Amino acid sequence: MSTSVTTNVPERDSLARAPGKIILSGEHSVVYGAPALAVAVEHHTEVWFTPMHRAAGLRTAFENLSAGATYPLDMLRSFKTGLDRRFDAFVRGDLPVREVLQRPDDLAVYTMASLHQFLPMPGVTSTRRLPTPGKLSSRSDLPLGAGMGSSASVIAATSVLYEALMALPQTPEERFERVRFCERLQHGRGSAIDAAAVVYGGLIRVDDGELSHPKLAESHGLADGQGWYWVLHGIPASPTGECVAAVREGFGSDKALWDAFAATTQALQDSLDGDTDPTDAIRKNHSLLNKIGVVPEDAARFIEAVEAAGGAAKVSGAGAVRGDKAGVILVHMDDPQAMETLMASYPDRRWERLRLSGSGAHLRRRANEPAA
């Protein structure tokens with residue numbers, strides 16, 4: 001692409017960030033046109049770029065994810081084409097979805113290469129076609145592979161950073177579609193609910209592909225972290241794509257089942273709208289998820305313990321069809337002391353109040369400046 005656009009690449013103290021997400025209701029059923037509810041959460045992925053003019057290419061440095069890798073600048077286009085071909089092999093049934101991406105860093109670099117089809121690369125001018133070499137760095141406090149939207153979050157943050165480097169911002173709608181497109185490499189298909197949560201923030205509803213943004217009262221427990229929690233039950237052995245495929249094979253044509261999921265999601269939204277007790281809706285949702293086989297026995301026992309303590313809980317995300325780890329579990333418990341007492345019996349499990357993020361993916365100008 002030939003362009004007169006130039007860029008003054010920001011240094012280490014400029015970064016882009018995007019929240020994670022937790023699904024309140026509708027995982028799996030959203031694939032069949034039923035509604036789903038999710039919230040963006042106050043845990044983030046941050047991405048920044050440091051120019052290194054003597055470097056050989058684009059070097060990645062992702063904390064807690066990989067040892068880093070170097071991507072030659074003149075091979076970014078062929079790198080994207082290669083991953084597209086691997087995804088096509090997955091679609092044909094010739095390659096498991098977990099083998100489409102070959103390195104953890106690939107998803108962020110693919111996002112940059114994908115954007116290159118629509119925007120110039122950083123450093124491109126009318127006389128110089130290659131982007132500025134440098135280091136693409138990232139850190140995240142999201143648990144990876146647990147159902148909290150870590151892959152969508154890194155794509156959204158990388159997109160925002162790229163747009164900022166070029167001073168060519170995209171609309172939230174364009175960014176949403178870009179996240180969905182890129183995330184298909186991770187899960188086999190791009191999740192509308194994940195993409196919407198990390199791009200827009202707040203409370204999100206997806207209903208047969210249509211997005212809406214239900215409002216919460218500022219005093220609502222879900223808005224201020226009162227009575228709602230997430231518990232990390234462990235990283236599932238089966239990735240999202242495998243779970244979705246297994247559920248489709250066993251229940252894909254069961255319209256009555258997906259109608260029951262839809263009714264349960266609506267019941268939960270009604271409780272949020274009226275600030276009434278969501279216990280029955282969450283327990284019904286758990287029962288339906290258990291029916292489709294994505295709740296491991298150990299997770300089911302933990303949920304029984306939550307219910308015995310007076311609360312309600314459900315797997316949030318794809319769950320698992322292999323192994324005994326379920327990813328993130330959503331818990332509603334009005335009594336904070338009861339929650340403390342319960343979790344004292346599970347000292348090795350990470351758990352926190354669910355704190356809603358009102359902001360989606362955005363640029364943060366300086367590391368010591370509050371997020372926009």
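1. Asp-94 and Arg-92 are both exposed, where exposed stands for over 50% relative accessible area, buried for under 20%, and partly exposed for in between (1.4 Å probe, protein chains only). These two residues form a salt bridge whose closest N and O atoms are 3.1 Å apart; the term covers a side-chain nitrogen of Lys or Arg within 4 Å of a carboxyl oxygen of Asp or Glu.

2. On provenance: this is a predicted model, in which local features need pLDDT of at least 70 and side-chain atom pairs count only at pLDDT 80 or more, while totals for chains, interfaces and linings use all residues. Residues are numbered from 1 along each chain as its sequence is written, and side-chain values use heavy atoms, with hydrogens and water left out.

3. The whole structure holds 16 salt bridges. One of them joins Asp-259 to Lys-255, with 2.8 Å between the closest N and O atoms. The two residues are four apart in helix 8 (residues 255-274), so about one helical turn separates them. Helices (H or I, at least four residues) and strands (E, at least two) are DSSP runs, numbered from the N terminus. Asp-259 is partly exposed at 40% relative accessibility, whereas Lys-255 is exposed at 59%.

4. Arg-350 and Glu-352 make a further salt bridge, their closest N and O atoms lying 3.3 Å apart. Arg-350 is partly exposed, with 31% relative accessibility, and Glu-352 is partly exposed at 23%. Elsewhere, salt bridges link Arg-17, Glu-46, Arg-139 and Arg-364 in a network.

5. Lys-314 belongs to strand 9 (residues 312-316) and is buried, at 0% relative accessibility. Its side chain makes a polar contact of 2.9 Å with that of Glu-27; such a contact is a pair of N or O atoms within 3.5 Å, where within protein one must be able to donate a hydrogen and the other to accept it, and residues adjacent in sequence count only if both atoms are side-chain atoms. Beyond four places in sequence, the contacts of Lys-314 (heavy atoms within 4.5 Å) include Ile-23, Asn-285, His-286 and Val-328.

6. Helix 4 (residues 172-187) has 16 residues and spans 22 Å from first to last C-alpha, close to the expected 22 Å, a figure given by 1.5 Å times one less than the number of residues. Its buried residues include Arg-175, Arg-178, Glu-183 and Arg-184, as well as Phe-176 and Val-179. The buried residues pack against several elements, among them helix 1 (76-92), helix 3 (150-166) and strand 7 (210-212). Just after the helix, Gly-188 has a positive phi of about 95°.

7. Which residues touch the most other members of the largest nonpolar core? They are Leu-58, Leu-136, Val-179 and Leu-185, in a core of 52 residues. Helix 3 supplies the largest share, ten residues. Apart from this core lies another, of 26 residues, including Leu-257 and Val-315. A nonpolar core is a set of buried Ala, Val, Leu, Ile, Met, Phe, Trp, Tyr and Cys residues joined through side-chain atoms within 4.5 Å.

8. Val-295 sits in the loop between helix 9 (279-291) and helix 10 (297-308). Is Val-295 buried or exposed? At 10% relative accessibility, Val-295 is buried. Its C-alpha is 9.2 Å from that of Ala-318, 23 residues away in sequence. Outside four places in sequence, Val-295 contacts residues including His-286, Leu-289, Val-315 and Ala-320.
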